[in-house]
Amino acid sequence: YSSKRLSAPFCVYDQSLNSNAAEKVNISALLKQAIELQEFELWYQPIVTMNNQQFYGVEALIRWPRPDGSYFCPSLFIPIAEQTTLINQISTWVMQQVAKDMVYFDSLGLALCIHINLSAMDLHDTQLVKKVSSLIKNNHSSQKVMFEITESAMMIDAEQAKQTMNYIARLGGKFSIDDFGTGFSSLEMLRDLPIQQIKIDRSFIKNIHHQDADLAIVKSVIYLAKHLACSVVAEGIEHQDTSNLIHSLGCDFAQGYFFGKPMPKSELGQILQLPLSSIS
Ligand code: C2E
Ligand code: MG
Ligand code: MG
Ligand code: MG
């Protein structure tokens, strides 16, 4: 597992979660139970506009609490769920939870773009369009949704994934490419799919002050996005100077611990009603 994944907040690496086959079966069984008992929580991390430092939206991130008060790391259990259809059930739960949380955000007078992570398996779930349609169509709220997909999400059957995405786009769904630059065939995706946004992976951002190659890559991705009429988000902003640099390069949005960690929605409600300058 990459260091990025292990450094996530409130993530406890459990030795029992190593990836041998028996453990995977064990975790799958625990996951099944967690789905049935609805043991998950959905947390939200702010995404801000670079221009006027406003809260533009949030990314929904799943949390699986453990009996001792810590959390299983999504980077450990999501890949296991992705090897089965359990991920489809998790995504269904996430979308149902987002539908409920939209009502809560409405009640606070907020109007956010809520980012939802989808997996490759979801794009091959024949029920996905129906689920998304009920999220978008029954939505008389001020909240909007955007789906984050990774480049690897396209690898199973690109044609089917494309069809599903086109359906969802016709329903008014928006797509963002997550962790851009770390997967395969990203340029093909940009050319062939209904993509409105690129999220530059944290691995290109974190050393941008010291690594000329990272700076060159980030500049080029922003340039590419502009020419494709896509917006750009920089992931993993942890410091003011990184925020300033990204802003000066013309990046539209930013996300990272500097602006806010993922948090339960009640906490987010409190923070989003404050001006950003009083937080960071
Ligand atoms: P992701 O979609 O790229 O989400 C961003 C991850 O980076 C989150 O980790 C977030 O907590 C972390 N992060 C954000 N800002 C910073 C920062 O400034 N510094 C550092 N070090 N990390 C930062 P998290 O919540 O542990 O999730 C890890 C991955 O698990 C996600 O990466 C996503 O691929 C997957 N995931 C999480 N929730 C869901 C979900 O509901 N559905 C699906 N399919 N996947 C999910
Ligand atoms: Mg994401
Ligand atoms: Mg990401
Ligand atoms: Mg990333």
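Predicted model: local features only at pLDDT ≥ 70, side-chain atom pairs only at ≥ 80, totals over all residues.
Asn117 belongs to strand β4 (residues 113-117) and Asp178 to strand β6 (residues 174-180), so the pair ties together parts 61 residues apart in sequence. The protein chain has 12 helices and 9 strands; helices (H or I, at least four residues) and strands (E, at least two) are DSSP runs, numbered from the N terminus.

A word on conventions: residues are numbered from 1 along each chain as its sequence is written, chains are lettered from A and ligands numbered from 1 in the order in which they are written. Local features need pLDDT of at least 70, side-chain atom pairs count only at pLDDT 80 or more, totals for chains, interfaces and linings use all residues, and side-chain values use heavy atoms, with hydrogens and water left out.

**The magnesium ions**

- The protein donors of the magnesium ion (ligand 2) are Glu59 (OE), Asn117 (OD1), Glu148 (OE) and Asp178 (OD), at 2.0 to 2.2 Å. Donors here are N, O and S atoms within 2.8 Å of the metal (3.2 Å for Na, K and Ca); water is not among the atoms, so sites may look incomplete.
- Along the sequence, the donor residues of the magnesium ion (ligand 2) follow the spacing E-x57-N-x30-E-x29-D.
- Asp178 is buried, with a relative accessible area of 6%, whereas Asn117 counts as partly exposed at 28% relative accessibility. Buried means under 20% relative accessible area, exposed over 50%, and partly exposed in between (1.4 Å probe, protein chains only).
- Asp179 (OD), Asp201 (OD) and Glu235 (OE) coordinate the magnesium ion (ligand 4) at 2.0 to 2.4 Å, and their spacing along the chain is D-x21-D-x33-E.
- Distant parts of the chain are linked by the pair Asp201, in the loop between β7 (197-200) and α9 (202-205), and Glu235, in the loop between β8 (231-234) and α11 (240-248), 34 residues apart. Both Asp201 and Glu235 are buried.
- Asp179 bridges the magnesium ion (ligand 4) and the magnesium ion (ligand 3), which lie 3.1 Å apart.

**Around ligand 1**

- Of the 25 residues around ligand 1, those that come nearest are Glu59, Arg63, Asp178, Glu238 and Tyr257; a residue counts as near if one of its heavy atoms lies within 4 Å.
- Glu59 has a side-chain N or O atom 3.0 Å from an oxygen atom of ligand 1.

**Helix α2**

- Helix α2 (residues 21-36) has 16 residues and spans 23 Å from its first C-alpha to its last, close to the 22 Å expected at 1.5 Å a residue. The expected span is 1.5 Å times one less than the number of residues.
- Ile27, Ser28, Leu31, Ala34 and Ile35 are the buried residues named in α2. They cover an arc of only 125° around the axis, which puts them on the same side of α2; the arc is that of the directions from the helix axis to the C-beta atoms.
- The other side of α2 has Ala22, Val25 and Glu36 exposed.
- Packing against the buried residues of α2 are β2 (55-65), α3 (74-82) and α4 (86-107), where contact means heavy atoms within 4.5 Å.

**Helix α10**

- Helix α10 (residues 212-227) has 16 residues and reaches 23 Å from first C-alpha to last, close to the expected 22 Å.
- Its buried residues are Asp214, Val218, Val221, Ile222 and Ala225. They cover an arc of only 100° around the axis, which puts them on the same side of α10.
- Asp212, Tyr223 and His227 are exposed on the face of α10 turned away from its buried side.
- The cover over the buried residues of α10 includes β6, β7, α9, β8 and α11.

**Backbone points to check**

- Most residues other than glycine have a negative phi.
- Ala229 has a positive phi of about 60° although it is not a glycine. Ala229 is found in the loop between α10 and β8 and counts as exposed at 70% relative accessibility.
- Gln53, in the loop between β1 (41-49) and β2, has a positive phi near 55°. Gln53 is partly exposed, with a relative accessible area of 32%.

Terms used
Polar contact = N/O pair within 3.5 Å; in protein donor to acceptor, adjacent residues only side chain to side chain.
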